[in-house]
Amino acid sequence: MGQASTSFQQSDGPVLPHSDPDDPQAAGAMPSDDEFFIRKTLEQEPERGVELLYSRYFQPLCTHTVRFVGSREVAEDLVSEIFYQFYTEQIFQKITSSYRAYLFKTARNRAYNYLRWELSRKMPLEETDHPNWQESQLPDAITQYEELYQDVEKALNTLPIQRRKIYLLHQFEGKRFKEIAGELQISVRTVEVQIYRASKAIRQLLKEKWLISILFGLFLPK
Amino acid sequence: MNFPITKELLSDYFGGHASALQKRQIDEWATKPENEEFFYACLVEWELQHPQYAVDVPAAIEQYRRFVANRSQNEPVILPAEPAIARFWSPGLRWYGAASVVLLLLVGWLLRSEIRYQTYATRPGEIRSWVLDDGSRVTLNANSSLRVPRIGFGNYSREVRLTGEAEFSVTHTRNDQQFVVKTDQSLDVVVLGTEFTVYSRAQRTQIVLNRGKIRIQRPTGKPANQLTLLPGDQITVDGDQLQRRHVTDPEQYAAWKDHRFVFDATPLSQIAKLLKENYGLTVEIAEPEIAQWTVSGSFTATNANELLQSLSKALDVQAVRRGNKVTFSARTE
């Protein structure tokens, strides 16, 4: 057991697939051998194997998820859930792709669902009441994920500087109104108002483009 | 005519610098399953080069270890054998360590419910409907609350907790995910796509099935810990007693949804409970014999006063309301 861990540690660290970027066909088809040691460890010691996955993918998974959901806490929660499930349901025994592809695909789906929920939950009932609502409906074009988080980023960038700062302190870093007020030497009320305006503006911008598809899950075929 | 999709192009694309035409090509390219691995490999690399913030990975692993340890409580956690840690982990510190782990778990646990759950609630006298994330509809009667997980609801769990009274119309999901209503009386309703009413307040729990099929689960050890209901079945749980009865008109149990109250030889003493539960009114019955008088029929009332008025007419009694207190007394001629 100890051997498995030691032998892995040598190849641990930010090892990335050393594929030839100029030959995508070959690279795409390759069975990713860079996860060989993780796979071996998962077979022998699932707990330890998942830890290895944590060291390698938790950071990029969280920083990717946060682009969608905007909150560090939510992103880490979503990603942790995936890992927990990966362990408790022994998902590593079922998947045929690389762990990397599985983890990222799942994280993007969950982030997407979270954002959809976040955007729709504050709407009056009549608008959300639609029989076509299905959790399993996800974008069928991969670029829609990138477009979505890029739109989140753009929406953030439209905010006035001070408002954006307050919003990020609250939403992204999870700071309380009081803490932000103390830090920026402004009143709690101001913080409240700024955050309210910021979330309203972002919601508005995202809704214009994403509301229909997000709510009904009807991504038009290409 | 198609140019190759390279790491550089994908990097541009992740950063939002790809043109509409390039995006279209990537879309097409990505539909081929053999390109998936390359796509995600590039995504990881790009994410590592353009992080949004520094993630505390050791803390996350620590949390994961606690999760695993918590799961298999009696099995010891295998910690990576690092001598420095082993020395530090002396018997004296072990208790301290265990205590802090327990404390951390406790704090996490306490905060958990706020982070994890969304609560829908109605005030006294209020009836409201919501559509949950999975498309299921819930209507809460007055003074009730429903707790729903914020994350992953419908995806890998559909477990809600009800206090009060509600009508559910549950949608079927593609992955056959069960919908479970938990009540405070250690009774779970497992749903298989259906319409039903659950009543779970201080004294008793009652479930009436309108359409479809549900299963009742109770902790093992109690009598009849699993029971499948068919339309029209009514289950009443009072402490350890479980009663099953067939009703001909299951819809009437959800009549409150339309601000309608259906009574069938219901004694005033029971209506007093309803007034307390739905409107937060404290009821006083002046003469004990009136408490046994019964009411039958269907009443429409959008608020407590309207209901009181109808009741006093039907029973021919006097109902006097002062604030949140109501007194029923025989009419003085």
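This is a predicted model: local features need pLDDT of at least 70, side-chain atom pairs count only at pLDDT 80 or more; totals for chains, interfaces and linings use all residues.
**Chain B at a glance**

- Chain B holds eight helices and 18 strands; helices (H or I, at least four residues) and strands (E, at least two) are DSSP runs, numbered from the N terminus.
- Of its 333 residues, 28% count as buried; a residue is buried if 20 or more other C-beta atoms lie within 10 Å of its own, exposed if 12 or fewer, and partly exposed in between, with C-beta atoms placed from the backbone.
- Take the contacts in chain B between residues at least 6 apart in sequence: 44% of these join residues at least 24 apart. Two residues are in contact if their C-beta atoms, placed from the backbone, lie within 7 Å.

**Helices that meet across the two chains**

- Helix H5 (residues 72-88) of chain A and helix H4 (residues 57-71) of chain B have axes that come within 11 Å and cross at roughly 45°. Axes are lines fitted to C-alpha atoms, for helices over the stretch in contact, and angles run from 0 to 180 degrees between N-to-C directions.
- Angles under 35 degrees count as roughly parallel, over 145 as roughly antiparallel, 65 to 115 as roughly perpendicular and the rest as oblique.
- The H5(A) and H4(B) crossing is right-handed; a crossing is left-handed if the near helix is turned anticlockwise from the far one by less than a right angle, and right-handed if clockwise.
- On the H5(A) side you will find A:Glu76, A:Ser80, A:Phe83, A:Tyr84 and A:Tyr87, which meet B:Ala60, B:Gln63, B:Tyr64, B:Phe67 and B:Val68 in H4(B).
- Sorted by class, the contact of H5(A) with H4(B) has seven nonpolar, two polar and one charged residues. Here Ala, Val, Leu, Ile, Met, Phe, Trp, Tyr, Cys and Pro count as nonpolar, Asp, Glu, Lys and Arg as charged, and the others, Gly among them, as polar.
- Helix H4 (residues 46-69) of chain A packs against H3(B) at an angle of about 80°, with the axes 9 Å apart, which means that H4(A) is roughly perpendicular to H3(B).
- A:Tyr57, A:Pro60, A:Thr63 and A:His64 of H4(A) make this contact with B:Val44, B:Glu47 and B:Leu48 of H3(B).

**A helix pair inside chain B**

- Helix H1 (residues 7-14) and helix H3 (residues 36-49) of chain B have axes that come within 10 Å and cross at roughly 60°, so H1(B) is oblique to H3(B).
- B:Lys7, B:Leu10, B:Ser11 and B:Phe14 of H1(B) touch B:Phe39, B:Cys42, B:Leu43 and B:Trp46 of H3(B).
- Six nonpolar, one polar and one charged residues make up the contact of H1(B) with H3(B).

**A three-stranded sheet in chain B**

- Three strands form an open sheet in the order S15-S18-S17 (chain B), with mixed pairing; two strands pair if DSSP finds at least two bridges between them.
- S15 and S17 of chain B each have a single partner strand and stand at the edges, so one side of each is left without a neighbour in the sheet.
- Strand S15 (residues 282-285) and strand S18 (residues 325-330) of chain B are parallel, with four bridges, and B:Thr282 stands opposite B:Lys325.
- Strand S17 (residues 317-322) of chain B runs antiparallel to S18(B), joined by six bridges; B:Val320 has B:Thr327 as its bridge partner.
- In the hairpin of S17(B) and S18(B), with two residues between the strands, B:Gly323 takes a positive phi near 65°.
- Helix H7 (residues 268-279) of chain B lies across S15 and S18 of chain B, at about 160° to S15(B).
- H8(B) lies across S17 and S18 of chain B, at about 160° to S17(B).

**Two loop residues with a positive phi**

- Most residues other than glycine have a negative phi.
- A:Gln185 is not a glycine, yet has a positive phi of about 60°. A:Gln185 sits in the loop between helix H10 (177-184) and helix H11 (188-216) of chain A.
- A:Gln185 is exposed, with 6 other C-beta atoms within 10 Å.
- B:Asp316 has a positive phi near 55° and lies in the loop between helix H8 (304-315) and S17 of chain B.

Note on methods:
Residues are numbered from 1 along each chain as its sequence is written. Chains are lettered from A and ligands numbered from 1 in the order in which they are written.
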